[in-house]
Amino acid sequence: MSDKKVEGAKIPGVRPYRQPAGGWGALKAVAGALAGQETIVEGGKTLMRANQPEGFDCPGCAWPDPKHTSSFEFCENGAKAVAWEATSKRATPEVFAQHTVSELLTWTDHAIEDLGRLTEPMAYDPADDRYKPITWEAAFARTAEGLKALKDPNEAEFYASGRASNEAAFLYQLMARRFGTNNFPDCSNMCHEPTSVGLPDSIGLGKGSVTLEDFDHADLILCFGHNPGTNHPRMMSTLRDASRRGATILAFNPLKERSLEKFASPQDPVEMATLSSTPIASAYFQLKIGGDALLVQGMMKVLLAMEASDGGILDHDFILEHTAGYEAVVASVEALDWAVIEAGCGLPRARVEEAAAIYAKAKATILCYGMGLTQHRDSSGTVQQLVNLLLLKGNIGRPGAGICPLRGHSNVQGNRTVGIWEKPSAAMLDSIRDVFGFEPPREHGHTVVESIEAIERGESKVFIGLGGNFAVAAPDPVRTFAAMCKLDLAVHVATKPNRTHMLIGKAAILLPCLGRTELDVRAGVRQSVTVEDSMSMVHASRGLNPPASEHLMSEPAIVCGIATATFGEDLLVDWTGLADDYDAVRDLIARVFPAAFEGYNDKVRIPGGFRLPVGPSNRVWKTATGKANFIVHDPKGGDPRRGDPDVMILTTLRSHDQYNTTIYGYDDRYRGVFGRRDVIFANPDDMAKMGLAQGDLVDLGAAFDETGERIVRAFTVVARDIPAGCLAAYYPETNVVVSLDDHDQRSGTPAYKSAPVRLRKHQAPWSADTLRN
């Protein structure tokens, strides 16, 4: 597909971007982010402490810190996250006095958050539709009253964002279980839950098996469904180093992403001075949206044929000693027809054979994957197919090899480790009982989707959010927003206002907390928190900036304040003491999880922290078979409704000026979109068949919606090199076409990356029937 054919006519705000990822464009963006948040001097100083042994952990992503840090351990999007938090802008009570909640709901997500840092606790006043200041004592009392008014503890939902520290998350889950529920809808449910569900069956642990050092020893890196330049940019230095030493990198993604093509390191004076760059992917495989499982099964089919023909391809010693289920997977893969594989993955057999041949020759392979693979209807099974591929050649549990899930938020993995889980193990609950002396609830709680449905039905009445922008992050805002407005009480712990805070039921409270960059002093002692990165390293994080307001409290202190108001004098948990002593919190974590956190306080004081036990790294498999399991996957699974030739598949994207639901700005530099987000990327041949030209206004609707409400209107179509039948557009603007019922069948993760839709030229006046007919 030629560049000319793809680019076509000029569209306002859309133009080719031919520079590498990183480089001078990244430095300019960092300067712009600091200036935009009016924190050039202080923000610049703050960045110098990001990801340093005595500094704070960047809230931008979960990529691990190297053992030997440089002075600049931050990336462009990390700098944006820090600037967004360290802003000099303040969302004071005076600011809220100027705007009703109804007015704020008409603002963009960017404008709401750009009001700045929250400075005081506030409660919604329905009399004049505004948030007004209240005392911390009153805020805690009202929260406790709302919880104690419930007839059943399961009428409460305790949401947790990945930004929360281990200490805050542990106290939060302890409070909710002390209250009597396992309702923990959390951000994992919306991103990497298929990892947490799929990997344990395969390798005995819902985490990756590799370390950062393994990338120094891999001669092949497979990248599935992720865009490192935007979502985890610090990974780019690792990929660049691997490429420069001769490792092969293969990219599997429907869209070509600039960071997987070429990268210029802002810390490399030669690349910066010469305007040169380093190529990243050796080959790019643009498979259909959701075609990953069949592609991997096709690669396995090729490997098995090569083994039968020439031998020496598979690691039979490893398979015999360390795995189970090999014969069943071999039979299922060999029975797959190539026509099914090609149609499902969107690539010709020759390209699948090309990828398999490269893998066959590699000595040590790391397989990385992101949300482009985990947010489909069959993602848990797809994750297991990635493991199958690695097991064939013994690529787990040795240097330079393994599975690497790329989690997004900086402590989303740590939250799960310390107990934020709606399906807790019996062992964990037993340990909580033994340590604290109360019987925690045993019934499984709600995921994100289940919590929204329970609120919608009126079964859940109180929502407490430890960070995040729950309603905007969730799918199907038509249902989700309406559900949030049915709540008796919503309590939000946050650094900044967002749209979820404006979805008011009977009562709402905002509790402003310290940010990751800020000093946390309790009882006269500077506290530190801890976080876990995506490779199971746990390390300390210490803020250095003065708090944005004297009225802010830390997340651990806020959780303890709610608990104290709810339980009164608690003879089993010293909530007041824990609020002032995070070492004491860590001691309790170590008692509840002794195998992982023994000696927690001592270990976390070592620069760089410590690694949690990762059995698969040592070929220890805590599965039912005691081995790593090959698992059969039915390629005919997924949504049976998808088969209509008029239905296309949409994948939602984050822009380069975005982190999760936070919109820093309106540029998506690497994709050539500037000053706007109202675009839909489409295959030019598909556009021609539908009579669409570059720049036309289009309507995008959920393909099987009977209400006629789940529609995006008057977006601009942009021709892009993407497989036929596939579309891409920005999240959360197009969440409206993602059904609440459309999710991974095992984990419940919404299918943000494969929504069935219909595309039509914009109608004026617009008619819902146009999309159905």
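## Helix 10, an enclosed helix

Nine of the 11 residues of helix 10 (residues 193-203) are buried, so the rest of the structure largely encloses this helix. Buried here means under 20% relative accessible area, with exposed over 50% and partly exposed in between (1.4 Å probe, protein chains only). Helices (H or I, at least four residues) and strands (E, at least two) are DSSP runs, numbered from the N terminus. Please keep in mind that this is a predicted model: local features need pLDDT of at least 70, side-chain atom pairs count only at pLDDT 80 or more, and totals for chains, interfaces and linings use all residues. Residues are numbered from 1 along each chain as its sequence is written, and side-chain values use heavy atoms, with hydrogens and water left out.

Just after helix 10 comes G204, with a positive phi of about 90°.

## Helix 20 and its two partners

How do helix 10 and helix 20 cross? Their axes come within 8 Å and cross at roughly 45°; axes are lines fitted to C-alpha atoms, for helices over the stretch in contact, and angles run from 0 to 180 degrees between N-to-C directions. Helix 10 and helix 20 are therefore oblique to each other, since angles under 35 degrees count as roughly parallel, over 145 as roughly antiparallel, 65 to 115 as roughly perpendicular and the rest as oblique. On the helix 10 side, the contact (heavy atoms within 4.5 Å) is made by P194, V197, G198, L199, D201, S202 and I203, and on the helix 20 side by S379, S380, V383, Q384 and V387.

Helix 14 (residues 292-309) also packs with helix 20, at an angle of about 20° and with the axes 9 Å apart. These two helices are therefore roughly parallel to each other. Here D292, A293, V296, Q297, M299, M300 and L303 of helix 14 meet T382, Q385, L386, N388, L389 and L392 of helix 20.

## Two open sheets

Two strands pair if DSSP finds at least two bridges between them. Four bridges link strand 13 and strand 14 in the parallel sense, and C368 stands opposite C404 in strand 14.

Another open sheet has three strands in the order 1-9-10, and its pairing is mixed. Its edges are strand 1 (21-22) and strand 10 (278-279), each pairing on one side only. Strand 9 (residues 262-264) and strand 10 run antiparallel and are joined by two bridges. K262 stands opposite P279 in strand 10.

## T495 in its loop

Is T495 buried or exposed? This residue lies in the loop between strand 16 (489-494) and strand 17 (508-512), and at 17% relative accessibility T495 counts as buried. Leaving aside neighbours within four places in sequence, T495 is in contact with G116, R117, L118, R163, C513, L514 and G515.
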